[in-house]
Amino acid sequence: MKNKNILSLFIVLTITTMFSCEDFLERPPYALLSSDVFYSDPEKLMQGLTTAYDPLSFMQFDLPLMTYGNMVTDDSEKGGSDVNDIPSMYALSRFRSVPDNITSSDFWNTLYSGIYASNIIIQKAPELESQDPALVQRIVGEAKFLRGLYYFHLASVFGGVPLAITPLTPGELTLERASSDEVWNQVEIDFSEAAEVLPLKYPASDVGRATKGAANSMLAKAYLMRQKYELAETALAKVVSSNQYTLIDDFGKIFTKSFENGSESVFEIQHLNTNSGWINETEGTWIPLFCQSRKNGGYGFDCPTEDLRNEFEPGDPRLIYTITFNGDVFFGNDTIDNSEAPTPYHNQKVALGTNERATSFNDQGYNIRFLRYADVLLLYAEVLNENGKPNEALTYLNLVRDRARATNPIDPRRVSQVINITVDLPPVTTTSKDELRLKIWHERRVELAMEYIRRFDLVRQKRYGQVMREFATKYNTDKGSNFNDGYHYLWPIPGNEVNMSNGKLVQNPGY
Amino acid sequence: MKKNRCCNDIKSLIFLYLRRMKLTLGLIILTFFSSMAADLYSQTTKINLDCEDIKIMDVLTEIENQSEFRFFYNEEINLSSRVSVNVSDKQVSDVLDILFNDKPVNYEILGRQVVLSAQNEQTEVFQQNSISGLVTDASGQPLPGVTVFLKGTSNGTTTSTEGRYSINNVPENGFLVFTFIGMKTQEIPIDGKKIINIILSEVSIDIEEIVTIGYGTVKKRDLTGSVASISAKDIGVITVTNSAQILQGKASGVMVTSVSGSPGADMNIRIRGLGTVNSNEPLYVIDGIPTSGMNNLNPNDIESIEVLKDASSSAIYGSRAASGVVLITTKKGAVGTPKITFESYMGVSTPSKSPTQLNSEQYHDMIQTAHLNGGTKLPKKLESEYEKGYDTNWWDEFTQKGVVQNYFLSASGGSEKVKYAFSGGFFKQEGTIKASAYERISFRLNSDYSITEKLKVGLNLGITNSTRNSITEGTQSWFGLVSEALNMDPMVPVINPDADVNDPDYEFNKYGYTSITDSKNPVATTARTFNESNNFKTLGNAYLNYTILDGLSYRMNVGIDINNALTDNFNPRFYLTPSEKNSLASIYRSYGYSQGIVLDNMITYTKTIEDHNFTAIAVFTSEEQIYDRFGGSKQETLTNDEANRVLDAATTSDQISGTKSSNSLLSYLGRINYSFKDKYLLTASIRRDGSSRFAPGYNWGLFPSVSLGWKINEESFFKKLNVQFVDLLKLRTGWGQIGNQNISDYAYLSLIKGSNSTRYVIGGVPLQGYAPIVMGNPNIKWETVESSNFGIDANLFKNKVSFSADYYIKETRDMLLQVPLVKYSGYPSDPWSNAGSIRNIGWDIQLNYRNLISDFKYDLGVNLTTLNNEVISLGTGGAIYGGKTKLGQVTKTEVGQPIGSFYGYVMDGIFQNNEEVEKGVQPNAEPGDIRFKDIAGTPDSNGNPTGPDGIIDGYDLTYIGNPIPDFLLGFSMNLTYKNFDLGLFLQGVYGNEIYNASKFFTFRANGRYNMDQDAYLNAWNGEGTSNTIPRIVSTEKNNNFRNSSFFIEDGSYLRLKDIHLGYSLPSSLCKVINISNLRLFVSAQNLVTFTKYSGLDPEIGSSTLLDVGIDYGTYPQPKTLMGGISINF
């Protein structure tokens, strides 16, 4: 009797379990949201936009930016402990890139992750526009600015690349490479459309977002990649005439903490030491300690060359704020020892004093001065000269030189400095187009030295090969001696991408 | 010198053994157990009686009904007098006192037996009812330790060391049962005999062996599917440190590889080839509970392991059996007197191979040569470092002699009503590399109760606490400590003599560091490694079995698999150099909880109608898995002391995170086993599974199977042939479909999440962003494996020879795969998809021979497995690249090729002189650089391949090696002569290639890192000096170390996995010390390896299939010498 009861109990249990089965197979995704329901209001769109900005702060963005901006030019040597310390950077600096270069694929992957995030925002925005039209339009403007920025670097480094302006579905991953012109066209469209809707400036709580000035400046840079001087002049004129920017009175102050996002800042990559994790979980950057001398607590990369040092006029005080010399003593009892560097120099612009450094070396709160007003002024001078307006050009060129002249030749951050400068920077007066062009190019090189614009300048000025080969001869080095104008203006796209595309992506010639 | 060292090893071994075994304690425990077993029952069993005026005899019967007490008495005692008894919760002795208070009867309680005797006649009673005899084996050798008991009672004994037994108080009409492991159990009717001598015959090839097949068992000779079965006897005397090693080389069709030689490392088990690019882990089922692996199981607790290889046998596990099923049964109790076993061993491990790196002089020379050849600057400190005169062999410094020790104590026994087996074990293994170790404490209790004839319940429970300390090993994205040690500068001392002894962090700051490379002192790294993971696992099930009618029974089974995992990590504060330092000590701790619950309801019906014999089952089962984890980290502790290695001791950078996920499975299944005239066999099964891992609409899958067997030897025509040497000849064939749902939970959903890696600073404040983290595929569905099997089983020459061969074809369709996508997608992760088909074809062959020539018993076994793997289709997708190394992705999976084939440039020797360079197509090369083969150029406009085009580019990449062996081999031999036993076991693979990616670290002579001495001595050094190893140079433009056949090596090997020699104490001696059996043994694992492979170890496991056979800098398998003891009481 008793046993029968037990049996019926089990049969009941079994049947109960069977009937609840459909519920049983439903499992919630804890702590995650399905993308179908996430983008419900502009607030969520804004949170998505944050992740479109985020790749700018990745080490896989700023280290390749440094490599492709400085190391592959006559301004900088790779550095590190020796040639085999990060061989991918060394290979690039010697124009020996093979398609499996990790610095190159890091850059590619990061740029495309930013493009994907921007594309999602641009795609989702129209559904939400009615909720807060002004805000949604601004968000779309920011997303377009970012997408333009990411494609700018792709086109500049790799040439024509797969071009997606909506988030790709898995079925769409059979894109071929667009032509270089198609990508540059898209970059111009994105920056123009962004410039239309973005505000001139933001309240303090939104500092760091893309502005109208940033979009117009980047638009001009994009035009210059294809020598569109007229269009570039128009875009730059908008920035200059907006009256949003002024040069900081002393060149030496630009790279100090208190002048971050200062009056000269057009676009800065924001970094903050939050002690919040590892690699890309931090909000800080690797750059300052990565480029600090190995003997002064850093990793010793990105060393200014003798050629860059010699570019400075003897009376130019900007030299001491650009380069550290053996024997300079900084506050905090920090005596510079560059003896392990391939050149005796390190980059002072990104340096942090011992008292300013965060303990975790990859998490330094230092903003990358991505686009300064001085850069805008010098570009403006350059296009004015090209467009036959040398006198106007001189005005803007000399604005930059005047500020340099006003710079304190004694670095207040140093206890003692090895190089003493007697300031002597006469204004430029020539109105000969060719002479003035060379003066502007010189000014750009010293004013913006080590700020990741050298390759951009050499490429658009179409003298990259000539400069590198001359550099190789002059310093008897293999850096640049093998520069081939036929293909070294572009770098190979990552080999794994070519492989995985099963023939859809064709490698750049020469690689 | 070497000899001397060896002697020291043995001495230290014995010393350690005695010190750690704590034998005394063990013996005390044992004594306690045996006396407890006798007295406990009578003291704890309570009797309730309420009888008015009944016969004493009936009172005794009632006591027998209530308990397991059995009364023995002769007819002289008068038990028909009437009594009244009213007691509750009394011990049996109290009741007997009442019953015989005024009667001339004595009683004696012996365990569960109560002997009644007339006063003054006690001794006679014993003699009159006792039986004695001798038990021998077929050769006449006495058999000690045979269990002899009276059927239906717990009255029993074991034979003495001379094979003699004596058993008292047996009724004349009873039966005596004789059981012994490896022998056929015999039941002998007593029929009033006083002496019964019997010969036990060996169960030679175990044709009556019962094989577990999932939701039931079947006689091995009635099997129709392909099942490899390994029993405790086969596991026998081989010492394994990891349960999965039991399968290595023992079962045909099963490939077992260690992922690493690190203690506690996982083993990869691959059944019949590589079925899918996704996970190939088989399903593990321990006592009916599906679980994730067998790593936490104590090998001593295993009774048998069955591997279900073909679809017809594994389809009963439906959705998760695509990669085969490993069924593990733990040891259960058996009727008889308690058996107590103590086993222990202790040994010392060393790396099975040690590399030879450059000494200081060679290193100094190599750096000079490299920079001279490369025209680059010498490291500034080279000379000053060299002049210090240190010459450190870092391999010797960072490896150690690891002690391995194991203790195991078990007791088992039981009566018809209750059977039990419980055990406790402790295992500890130190790694051959410092800072790695593994420790396991395990307990198990298995018990079965027959409540009534019809109702049985039981409980199996295993608890394991394991602790693993591990070092960083080489992976796809990280070079491990092994590579680090091989690269370290030998001019550096282990301990820096200039280190400040008064430094509070001296313990971590005392180490030497290199000033000329970025390698880290590996001894310092191991000293700083505090990386401990602890897992507490509870795996158990409770069942109820109710026989409804004869042949019809219902079974309910509830199983749990609960894991509590703790991870502890501490990075001490230290400072060696500006780049080798950690300024803030940090602590990380995480806690993970996983809970699996399974509920089975099963009906079994067995029926025989004349020649038709069938068993049918129907099962409903549901499973649920919940996984929950949280972790936290902090930085900055006051000191590095052990007391400060807790979160509360740290003050900054608080971080916390947690995840949770869950999945469930519902299944209905049925199976029928049918045989006709014991000649024709049929098994058919069907299972329907619903899984939460797929989107609604794609939840359910159906998995059918059928298999047939034909025992030819039972046919009359065969019998007429009179081939007497054939004992069994059976043909088998089977077909089935099984599934795979092994994808991440929620793979069908696109998901968004915010975390600290999706923040960006705006307005000076980090803003929280939300980003897609998973790209979902709403159409994802089951992967299906369809397999066919053709097999033959034969037993010959009185079962001395057994042979089994299977041919299989296994095709995986809708393969579940996270296809690596182009990065220009921008996706945060690769979505899951059903991509393509893969076919595996091969043979499993097993041959055993066993014989006995008087005192000499031998047993030989060989098994062979062939593997042939081919990708049939990749759906709409193209080739899949994988195997990420420092050299890029080195494997390609493409239609027509095996999975994960190595793909790269072909090395075509070394450029010997400038003429050869000029003739070649590598403009940047110099003499001494590697020449690569120009195979093809840009395809023509129709996409057809073209011939060599004078440029080495992506079109010259080709297949350069296959990681899948042609065949796997296992060979075992066991010899027994009188008291000695000798066994050896070889395991090998043949015909595979290894991608030796660690050569990137050990062969690059770039004037920076230490390197392999052979590579240095044989490097190209002028015309004609080498055609295989490039020159020593700091920087070269040819990119010699690109992905090419330079890294490909023959991966075949044959390894002596185990060799052991045992000695069992003669039975006369055993008797003196009152034990039934004692065996002493010495054994060696991985003693010799025959291979051409130049790396540290050719046995390379991998976590994913796209990087099988890539050596990332393997932690080599340990070579272990050990000695041990096994005692039965």
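**Strands and the interface**

Mentor: Let us begin with one pair of residues: B:A618 stands opposite B:G670 in β33(B). This is a predicted model, in which local features need pLDDT of at least 70 and side-chain atom pairs count only at pLDDT 80 or more, while totals for chains, interfaces and linings use all residues. Residues are numbered from 1 along each chain as its sequence is written, chains are lettered from A and ligands numbered from 1 in the order in which they are written, and side-chain values use heavy atoms, with hydrogens and water left out.

Trainee: Which strand is joined to β33(B) by 24 bridges?

Mentor: Strands are DSSP runs (E, at least two residues), and helices are runs of H or I (at least four), numbered from the N terminus. Two strands pair if DSSP finds at least two bridges between them. Here strand β32 (residues 612-637) of chain B runs antiparallel to β33(B), with 24 bridges. Twelve bridges join β33(B) to strand β34 (residues 680-691) of chain B, also antiparallel, and B:S667 has B:D689 as its bridge partner in β34(B). A hairpin is formed by β33(B) and β34(B), with three residues between them; in the turn, B:K677 has a positive phi of about 55°.

Trainee: How many residues does each chain bring to the contact?

Mentor: Contact means heavy atoms within 4.5 Å. Chain B and chain A each bring 88 residues.

Trainee: What area is buried between chain B and chain A?

Mentor: The size of an interface is often given as the accessible area lost when the parts come together. That loss is taken with a 1.4 Å probe and summed over both parts. For chain B and chain A the area is about 7,500 Å², and carbon and sulfur atoms give 61% of it. B:I752, B:Y760 and B:Y824 supply 13% of the area that chain B buries against chain A, more than any other three residues. Strand β33 (residues 650-676) of chain B gives the largest share of the side that touches chain A, ten residues.

Trainee: Where does a strand of chain A pair with β37 (residues 751-753) of chain B?

Mentor: Strand β1 (residues 33-34) of chain A runs antiparallel to β37(B), joined by two bridges. A:L33 has B:I752 as its bridge partner there.

Trainee: Is A:T50 buried or exposed?

Mentor: Buried means under 20% relative accessible area, exposed over 50%, and partly exposed in between (1.4 Å probe, protein chains only). A:T50, in helix α4 (residues 42-53) of chain A, is buried, at 5%. Leaving aside neighbours within four places in sequence, A:T50 is in contact with residues including B:Y760 and B:L767.

Note on methods:
Buried area is the accessible area (1.4 Å probe) that two parts lose on being put together, summed over both.
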